[in-house]
Structures are given as C-alpha cells and as structure tokens.
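Hi,

Here is the structure I said I would pass on.

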Amino acid sequence: MQEEQQPEAAADPMSSCDAPEDGPKETSSVSQNISDADAFKILLEMKMKKRQKKPTLPSTVTELDTEDGSKVYVVGTAHFSDSSKKDVVKTIQEVQPDVVVVELCQYRVSMLKMDEKTLLKEAKEINLEKLQQAIKQNGVMSGLMQMLLLKVSAHITEQLGMAPGGEFREAFKEASKVPFCKFHLGDRPIPVTFKRAIAALSFWQKVKLAWGLCFLSDPISKDDVEKCKQKDLLEQMMAEMIGEFPDLHRTIVSERDIYLTYMLKQAAKQIELPRASETEPRKYIPAVVVGVVGMGHVPGIEKNWNSDLNIQEIMSVPPPSASSKIFKFVIKATVFGLMGYGCYRIGQRTVQFILSMPAAQSYLQKLTEIRSQH
C-alpha cells in the first residue's frame with residue numbers, strides 16, 4: 001500500500017533533463033548508430049568523472065547511507081537564506097546525484113518556475129482571491145490555517161525583501177545540469193498536513209493560534225536568518241507560537257519528518273543499468289541522492305533513518321471533531337455577520353446621501369404639501 005502512495009507524493013512534473021547541456025558536443029564524434037545502452041554508459045562515465053569520491057561539502061550537509069550502499073546527502077537549509085542557496089549548488093555539483101528530493105509537494109511546485117520578482121510580489125500579496133482558493137482547495141478550516149501561515153511567510157518576505165524557496169529553485173536548476181538526474185517532490189501534500197493539524201487542536205487552541213498568527217509583526221533581519229541556520233526560521237517562529245500545542249507540532253513537523261525520510265529512502269533505491277539485450281543479466285549500482293529540506297527537519301530524518309516507516313497512518317485525514325464544527329460555524333457566522341453589517345452601513349449611508357441632495361429634499365417637500373392639503 002505504501003508503494004501506491006509514492007506516485008502522488010513524488011510526482012515528477014518537473015523532471016530534469018537526462019543529459020547535460022554539453023553532452024551532445026562531447027559525444028558528437030560517437031557513431032550515429034550507437035546503441036542506447038552504449039550511449040548511457042558513455043554519459044554515465046562522464047558523470048562519474050565529475051562526481052567527487054571525497055566531496056568537499058558544506059557544514060549544513062548530513063550524510064546518510066542505505067543497506068545496499070546508496071548515499072543520501074541531506075542539505076539543511078533556511079528558507080530565506082542566500083547562504084543556503086550556495087550550499088545546495090555546491091553539494092549537487094560535488095556529488096552529481098541521481099535524484100534530487102526537495103521539501104515541496106505538488107501544491108507548491110509552481111514556485112520552481114517563477115522568477116524572484118514575481119514570487120516576491122506573490123508572497124507579499126494576501127488577498128480575498130487567495131483566501132477563496134485556499135478554502136476551495138483545502139476546506140474552510142484548513143484554508144484559513146494555510147492563509148495564516150502564508151501571512152507569517154509574507155511577514156518574513158516583507159521584512160527581508162527575499163522570496164521563499166530560493167534553495168528549491170537552485171536545486172531544480174542544478175539538477176537539470178546533471179546527466180540522468182531525476183527531480184522528486186518529497187513533502188506530504190499540504191492539504192493533508194493542514195487538515196491533520198486542525199483536527200489535533202481544540203476549539204480554544206484554534207482561536208489562540210489564529211490570534212497569534214494574525215498579530216505577528218516582530219521585525220526580522222538577515223542576520224537573524226543566518227543565526228537560524230541550525231533551525232529553520234519559519235519553523236522556529238511557528239515552534240515558539242505552538243510550543244504549548246504538542247499535537248500541532250507533531251502534525252506539522254514530526255509527521256513530515258517521517259514522510260520526508262520515507263521519500264528519501266524511496267529515492268535511494270539502487271539504479272538498474274540498461275541492458276544491451278533481454279538475455280543480459282540485470283545490473284544495479286548504488287544511488288546518490290541529494291535532499292534539500294529545512295534545517296528543522298534534519299534531526300528527525302536522522303532519527304527515523306534506520307526505522308521501518310509506514311506512512312499510511314500519517315496520510316489519513318480524521319473526521320472533523322465537534323470543536324471543529326463549532327469553530328467552522330463561528331467563522332461562517334462572523335463572516336456573514338460582517339458582510340450583512342457592511343451592507344447595512346453602505347445602504348444607510350446611501351439613503352442619507354440621497355436624502356441630502358437638493359432635488360430629493362424638494363421632492364419630499366412637495367409630497368408633504370400635497371399630504372397637508374388632503
């Protein structure tokens with residue numbers, strides 16, 4: 001059943017190119033009739049020559065091994081950090097991976113192809129249209145939670161003038177330059193995370209969390225971000241606000257640690273080499289994987305690495321509790337109440353404006369005179 005989950009979560013809509021840009025030039029002297037297997041071997045040899053046996057890696061990289069000899073290099077990043085971008089680029093260039101896995105799901109994959117300017121504008125703007133889209137996609141409660149978290153991200157974006165996810169975009173670009181390198185989305189789908197997070201909270205916990213997110217306004221500097229390289233800034237801010245809600249921390253951080261670990265282990269399965277014919281025996285080589293995740297997830301990935309993981313339970317969405325239904329009703333009642341009051345105030349002002357016009361006053365005066373005559 002676990003295997004059935006993989007295609008959705010590790011959907012590969014952004015798969016990288018299977019050959020580097022300079023590949024055709026370097027193999028132009030090879031015969032036109034070369035077999036696919038031979039072409040694969042030539043490009044693989046080129047890749048192996050570029051791959052460093054003893055790579056010089058940034059201090060933010062954690063190396064993990066699998067039982068079959070595959071290697072996984074987990075780059076712990078701060079989501080708003082130029083230094084993290086450089087760490088990702090250097091790691092991919094040094095190890096020439098077979099797979100790059102990033103802490104994104106299919107609902108956030110659009111950020112990979114947006115330019116920095118567009119992303120910066122998008123991240124700062126939180127409007128009614130985005131709220132409606134979030135609610136339509138995730139439901140009322142999860143949609144509101146998503147918008148509140150986007151507000152936190154927008155606050156950091158505005159303070160730093162830097163769009164989130166720069167390290168993921170760098171990973172995507174660098175992966176496309178490595179022969180036969182696949183690009184996987186390794187995070188749990190965001191609607192599942194939010195729905196499980198909402199279900200874990202009581203009514204008053206939801207109110208308290210929403211209040212804290214709504215009024216977040218502390219100033220943040222670039223130095224603060226770099227100081228948080230040992231713990232991702234966004235997740236640290238969240239941890240401070242949800243410290244008294246261990247169930248919420250479990251759904252947003254700990255469960256995603258398990259999911260990310262599972263996806264990294266799936267990506268690290270041995271690679272089958274192409275065969276010249278069906279009779280040729282199958283050959284496998286260990287894989288090299290680069291994972292790009294927030295620094296806050298690295299300890300959890302290390303902790304879960306040698307465990308047998310089952311992601312079925314953390315992919316299920318529990319039915320809404322009584323407190324969720326009450327909170328949902330209160331939110332709807334508040335929204336409709338505000339809309340109704342707004343319409344009432346607009347209508348009242350419109351009537352007052354019309355009655356204050358000379359033409360209207362003259363018309364009313366004539367009506368009064370006619371009535372008095374009768």
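The buried residues of α9 are Ile-190, Pro-191, Val-192, Thr-193, Phe-194, Arg-196, Ala-197 and Ile-198. Keep in mind that this is a predicted model. The helix covers residues 190-199, and because eight of its 10 residues are buried, α9 is largely enclosed by the rest of the structure.

Now for the packing against α13. The two axes, α9 and α13, come within 7 Å and cross at roughly 150°. Angles over 145 degrees count as roughly antiparallel, so that is what α9 is relative to α13. As for handedness, the crossing of α9 past α13 is right-handed.

Which residues meet there? From α9 they are Thr-193, Arg-196 and Ala-197, and on the α13 side they are Leu-248, Arg-250, Thr-251, Ile-252, Glu-255 and Arg-256. Sorted by type, the residues of this contact come out as four charged, three nonpolar and two polar.

Is Gln-266 buried or exposed? Its relative accessible area is 13%, under the 20% cut-off, so Gln-266 counts as buried. The side chain of Gln-266 also makes a polar contact with the side chain of Lys-269, at 3.2 Å.

Cheers

Technical notes. Residues numbered from 1 in each chain as written. Predicted model: local features only at pLDDT ≥ 70, side-chain atom pairs only at ≥ 80, totals over all residues. Heavy atoms only, no water. Buried < 20%, exposed > 50% of the residue type's maximum accessible area, 1.4 Å probe, protein only. Polar contact = N/O pair within 3.5 Å; in protein donor to acceptor, adjacent residues only side chain to side chain. Helix = DSSP H or I, 4+ residues; strand = E, 2+ residues; numbered from the N terminus. Axes fitted to C-alpha atoms, helices over the stretch in contact; angles between N-to-C directions. Parallel < 35°, antiparallel > 145°, perpendicular 65-115°, else oblique. Left-handed = near helix turned anticlockwise from the far one by under 90°. Contact = heavy atoms within 4.5 Å. Nonpolar A, V, L, I, M, F, W, Y, C, P; charged D, E, K, R; others polar.
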